[in-house]
Amino acid sequence: MVLRSTARRGPPTEQGAAEVIFALLAAWRVELCLLAPPSALGVWSYLHFGPVCAGVVVILLVLLVVGPAPNRRLLGRALHAANVRRRLEMAFRSLPGVLSDRPPYLTKIVRTKVGDRVELGLRHGTSIEELQRAEAVIAASLGVRGVRLVVDPSRHDHVTLSITRRDPFSSSTPPCPLVTTAHFDAWGPIPVGVDEEGEIVTLSLPEHNVLFGAEPGGGKSVALSVLVAAFALDPTVTLWLFDGKLVELAPWLDCARRFVGPDIELATSSLEQIRLEMDERYRYLLDRKVRKVTPGDGLGLHVVVIDELALYVAGVDKKLASRFSDLLRDLVARGRAAGIIVLAATQKPSIDIVPSALRDLFGFRWALRCATREASDTVLGSGWASLGFSAADIDPARRGVGLLLHEGGTPVRLRSFHLTDAEIGLISDRAAQLRCDAMNEKNSE
């Protein structure tokens, strides 16, 4: 019985050994392919010319390949990608359940400033949810700070695995480019912050509106001030400032056509004036048979900035609050083609504070640190937290870090530029002078 049992296990053992060898060869395939040419050339030279010549030939070949800097960088990227691929494949084999038998396949590996970005395809019979539950196991297997799955809403068989080896926002954010900008064109992209890979994130706001949301101290006013600075530096932009706290937007008072504090009656009448301006612009466009305001028509943009939106739409005077909400909804809904941009910030844009008919009209959303996943979804839109985009996961100590949903269609994790009080003072003085010069030039004509 023992002999028969041993004989039966013989072929599987040999097959298992062959599988192990094949797996090792597959795991180290890139390194083996890189070593194969110099090894083959060395053996050929050794057989025909002896060991000295073989050594010289191999050394010259290696120097020829790795000598030029572009070749070294290319080789380094290839070896790094091979190492990441190998370690990920080992990590996937250690996952529980069906993922160990049908692990994701790797389609692309890109090295970033803080780690790696890996494109994964899911095999038949597996799901994104199973892979999301295994994030902690993958991170532990790789020995990295963390991993995060970024889901493509349009493809449920494809995900991006973001590998973080160090905190992308541990170092200080680079200075905001607007600090040294003499003049800014508001029709162009506005630099607003730095993403996880150290790249500058920009926003193009003509024909778009932005809703900011965060818990108290989350940094929404910091992010908002960067956009206000950009618009202030364009003298063709008309600024309408609504500041529920009266102090956040005060540095830009000299750049604004109208500055409104926590006065709901004055705020409502100001919105009515803006709506009249919008209607007048549409009559102007109709007369010229054009569909929208453009940079060359000389009309300029009107930018409505509202900090502490909840004070105006959910205030004590319900009648005026409802009127303000209706007027603002009209501006957000119809103002895009008329060159009117609305930037609104609030701590909690939930339906009991900000009516959904108004909130849902904002195409761009910027969620900074939120207390819960539900609050994050309230800002970004329902379902983003389940796809791995939750502002509740942001470290409270990382003020200014948030998720921006804009042109790309998928939230981008970034840290907004931070303007100090001194820098805001410099920019606002420069912007006020630009507007004064533009006014004098216009009057002289």
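A word on terms before we start: a residue is called buried when its relative accessible area is under 20%, exposed when that area is over 50%, and partly exposed in between. Keep in mind, too, that this is a predicted model.

With that scale in hand, turn to Lys245. Its relative accessible area is 39%, so Lys245 is partly exposed. Its salt-bridge partner is Glu248, with 3.2 Å between the closest N and O atoms. Glu248 is partly exposed as well, because its relative accessibility is 33%.

Next, find Arg275 and Asp330, whose side chains form a salt bridge at 3.5 Å from N to O. This pair ties together distant parts of the chain, since Arg275 sits in helix 9 (residues 264-287) and Asp330 in helix 11 (residues 318-334), 55 residues apart. Arg275 is partly exposed at 26%, while Asp330, at 16%, counts as buried. Through shared partners, salt bridges join Arg275, Asp279, Asp330 and Arg334 into one network.

Further along, Arg359 pairs with Asp360, their closest N and O atoms lying 3.6 Å apart. Arg359 is buried, because its relative accessible area is 14%. Across the whole structure, a search finds 15 salt bridges.

The structure has one cavity of 30 Å³ or more, and the largest cavity holds about 30 Å³. Among the residues lining the largest cavity are Trp187, Glu207, Lys292, Leu301, Arg336 and Gly339. Sorted by class, this lining comprises five nonpolar, one polar and three charged residues.

How values were computed:
Residues are numbered from 1 along each chain as its sequence is written. This is a predicted model: local features need pLDDT of at least 70, side-chain atom pairs count only at pLDDT 80 or more; totals for chains, interfaces and linings use all residues. Side-chain values use heavy atoms; hydrogens and water are left out. On a 1 Å grid over the protein atoms alone, a cavity is a set of points where a 1.4 Å probe fits but cannot get out, and a pocket is an open set with protein on both sides within 12 Å along at least five of seven lines; lining residues have an atom within 4 Å of a point. Grid points are joined across faces, edges and corners, and a volume is the space filled by probe spheres set on the points. Ala, Val, Leu, Ile, Met, Phe, Trp, Tyr, Cys and Pro count as nonpolar, Asp, Glu, Lys and Arg as charged, and the others, Gly among them, as polar. A salt bridge is a side-chain nitrogen of Lys or Arg within 4 Å of a carboxyl oxygen of Asp or Glu. Buried means under 20% relative accessible area, exposed over 50%, partly exposed in between (1.4 Å probe, protein chains only). Helices (H or I, at least four residues) and strands (E, at least two) are DSSP runs, numbered from the N terminus.
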